[in-house]
Amino acid sequence: MSYREAIRRAMLEEMRRDPNVVVFCEDARFWTMPTHGFVDEFGPDRVPIMPISEEGFTGAAIGAAMTGVRPIVDYTIANLMYVAWDQIVNHAAKNRYLFGGQASVPIVFRAAMKYANATAAQHSDRPYPQLMNVPGLKIVVPATPADALGLLKSAIRDDDPVVYFEPLLLWGSKGEVPDGEHLVPIGRAAVARAGRDVTVVAIGDAVPAALKAAAALADRGIEAEVLDPRTLVPLDRTAILESVARTGRLVVADPAHRTCGAAAEIAAVVAEEGFASLRAPIVRVVAPDVHPPFSPALERLMYPTPARIAAAAEALVTGAPSPKELVGP
Amino acid sequence: MNRQQELDAMRRMLRIRRFEEAAMDIVRKGQGIAGSVHLCIGQEATVVGSCLALRADDFMVGYHRSHGHPIAKGARLAPLMAELMGRSTGICRGKGGSMHLADFRVGSLGETAIVGAGIPQAAGAAYAARIRGTDQVALSFFGDGGANIGSFHEGLNLAAAWRLGVVFVCENNLYAMSTALSDTMAADSIAARAAAYRMPGVSVDGQDVAAVYEAAATAVDRARDGGGPTLIEARTYRYRDHAEYGGMDLGHRAIEELEQWRTRDPLDLLRARLLTGGVGAEVLDEMAAEVAEEVREAVRFARRSPLPEPAALFEDLWATPVEVSR
Ligand SMILES: Cc1ncc(C[n+]2csc(CCOP(=O)(O)OP(=O)(O)O)c2C)c(N)n1
């Protein structure tokens, strides 16, 4: 099953299971959308036709969620969430706390990240680090079809707002999905590949890149463990610390920006709580703090590639100086 | 409005006024309310007339001028006052304070301190009623300042396009903080904007609780029957400054303007109407005494309530527990 089909399956199964699940998505009927065909099955009340009104329909989703409905809000492009930032940050994330536990805001915000597709800066962001800074939101970034399905179903059933980030690069990727009811718990990391020499914590589409890197490293006698947190909030710190305790080395591969990013947080957790097990400095393989340019010749320099990840891991294991990361002027 | 409703309106308006006077007093004396409070004294008829048109199980979303809305919707005073004082018995357990009062038991879904942000949320509550197959209506309060922010237009457009059962009530008190409406809006009617969304737009005397009630009741009936949203603009006035932090400063408004509006005080107008209608003064005085005692008891309750324990800092962030990084 493809990642895209997994998203569709998760929504279909949950909408059939629970009549209170609804989908807010611009152009939901368009054939490219995972919601294609939903209006025919569920009717225009549960899949209403959306005006281009991100702030408005996000606010409406919050009002609906507080009064017993479970909306899935699809921003189609992660950058469009910024238009609804007030509703997400000031209301969805805060209402339960502000109102002393009276409110529940069970919404899934789906955000497809179109980076590495030559869509330039306004369509290429990976906004999860910004939202990791907001208490009250759960944040997931699945990397396989099985996790895409299982985490989306868990997110829809969760009583808290969950932001669900989909690297669009992965939409076409295929993988096994277990038969029957498949749920993946929010907050649990997965070992994508076991290894003893170095831990590579990889996020989103850096996971397949890290697996390729690990295969290349294995040819050179280095066994890399690839750990996929899957959930950034809550972060499975235990799994990360245990892996680093075994390997003594950490590379974090994350396609989002360096400063205050998910990789920075993971590095800080390990530096604070796992310092004793480190045999080498922590290395981040991340996007530099620059906007994604349009030209593919420039944009492809930005993100963690198998070669960048492998080079960083190999340098850690052999004690060679770390390869030069992308540097600004 | 029948007699019983008029008496009910009188009681709720009195509750708001006395509650806010008490809050103002506490703020000014520095006796236990931190931060600022935004008083709606002068606007009670708009708030109460609108809420009286709702059923107890209907929804209401307010805004930062915040105490009147839940009181008008039927909330008990003591947990509201305790919230203003940041007590653990507060309606929001001390997490929201003055600008974020909510009482879900009476359909008050909370006030927001972000101007206009509650407008689409009310539309969403009306949408949810449709999905859940109930005939509940949602009412959204906002100020004239709120009528200029994007979420006003998005919320009205969404509600109209989807024919949602929502009533939008603009409490037009002519000012947004220190800024006069006439300086920020070329048109002189907010109600007229309804035409752009193909919904009824009604302008009403916001000092006359019966007039507001009639307009709101018509809109609520329409909403409940599937007729879609209505925009009501109630012309009203706040007596106090934008917010109460300490003294009162009418720098941006003329005293004469205030005095002019005071001659049409909503509580006085309703009292006069009740007296002419044959209700004895002693009945109204007794009601006023009861309300005054209710407010005193709310203050006493708040004062003897404990402050939140430190552990409460981490409570109510999540529905399903997540460990918080400390
Ligand atoms: C989006 C936003 N911008 C600015 C503010 C600061 N602010 C708080 S209240 C207010 C005036 C609002 O005026 P109005 O909507 O007319 O309500 P009123 O206070 O008159 O009742 C402003 C500008 C805010 N809270 N939110």
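Predicted model: local features only at pLDDT ≥ 70, side-chain atom pairs only at ≥ 80, totals over all residues.
Ala116(A) has a relative accessible area of 33%, so Ala116(A) is partly exposed. You will find Ala116(A) in the loop that runs between strand S3 (108-113) and helix H6 (128-132) of chain A. Have a look at the backbone there, too: phi of Ala116(A) is near 65°, which is a positive value in a residue that is not glycine.

Stay in that loop for a moment, please. Ala120(A) also sits between S3 and H6 of chain A, and phi of Ala120(A) is near 65° as well, again positive in a residue other than glycine. Is Ala120(A) buried or partly exposed? Its relative accessible area is 23%, and the cut-off for buried is under 20%, so Ala120(A) counts as partly exposed.

As a reminder, most residues other than glycine have a negative phi, and most peptide bonds are trans. That brings me to another backbone feature in chain A. Which peptide bond is cis, with omega near -5°? The one from Val233(A) to Pro234(A). Pro234(A) belongs to the loop between strand S9 (231-233) and helix H9 (237-247) of chain A.

Now let us zoom out to chain A as a whole. Chain A contains 12 helices and 11 strands. Its radius of gyration is 20 Å, close to the 20 Å that the globule rule gives for 329 residues, so chain A is as compact as a globular protein of that length. Along the principal axes, the C-alpha atoms of chain A fill a box of roughly 60 × 45 × 40 Å. Of the 329 residues in chain A, 60% are buried. If you take contacts in chain A between residues at least 6 apart in sequence, 80% of them join residues at least 24 apart. The accessible surface of chain A is about 12100 Å², and carbon and sulfur atoms hold 56% of that. On charge, chain A carries 32 positive and 38 negative side chains, with the centres of the two sets 3 Å apart.

On to chain B. How many helices and strands does chain B have? The count is 11 helices and 8 strands. The radius of gyration of chain B is 19 Å, close to the 20 Å from the globule rule for 326 residues, so chain B is as compact as a globular protein of that length. Its C-alpha atoms fill a box of roughly 55 × 50 × 40 Å along the principal axes. In chain B, 59% of the 326 residues count as buried. For contacts in chain B with a separation of 6 or more, 75% come from residues 24 or more positions apart. The accessible surface of chain B is about 12400 Å², with 52% belonging to carbon and sulfur atoms. Chain B has 36 positive and 42 negative side chains, and the centres of those two sets lie 3 Å apart.

So, how do the chains meet? The contact takes 48 residues from chain A and 41 residues from chain B. About 3600 Å² is buried between chain A and chain B, and carbon and sulfur atoms give 62% of that area. On the chain A side, Thr67(A), Tyr97(A) and Gln102(A) lose the most area to chain B, together 20% of what that side buries.

Helix H2 (38-46) of chain A is worth a stop here. Phe38(A), Val39(A), Phe42(A), Gly43(A) and Arg46(A) are buried in H2(A). What covers them includes helix H1 (3-17) and S1 of chain A, together with helix H5 (118-132) of chain B.

Thr32(A) is partly exposed, at a relative accessible area of 29%. Leaving aside residues up to four places away in sequence, Thr32(A) touches Arg4(A) and Trp171(A). The C-alpha atoms of Thr32(A) and Arg4(A) are 9.9 Å apart, across 28 residues of the chain.

Gly278(B) sits in the loop between helix H10 (266-276) and helix H11 (281-304), and at 63% relative accessibility Gly278(B) counts as exposed. Thanks, everyone!

Technical notes. Residues numbered from 1 in each chain as written. Chains lettered and ligands numbered in written order. Heavy atoms only, no water. Helix = DSSP H or I, 4+ residues; strand = E, 2+ residues; numbered from the N terminus. Rg over C-alpha atoms; globule rule 2.2 N^0.38 Å. Buried < 20%, exposed > 50% of the residue type's maximum accessible area, 1.4 Å probe, protein only. Contact = heavy atoms within 4.5 Å. Areas by Shrake-Rupley, 256 points an atom, 1.4 Å probe, with all protein chains shown as cover. Lys, Arg positive; Asp, Glu negative; His and termini not counted. Charge placed at Lys NZ, Arg CZ, Asp CG, Glu CD. Buried area = accessible area lost by both parts, 1.4 Å probe.
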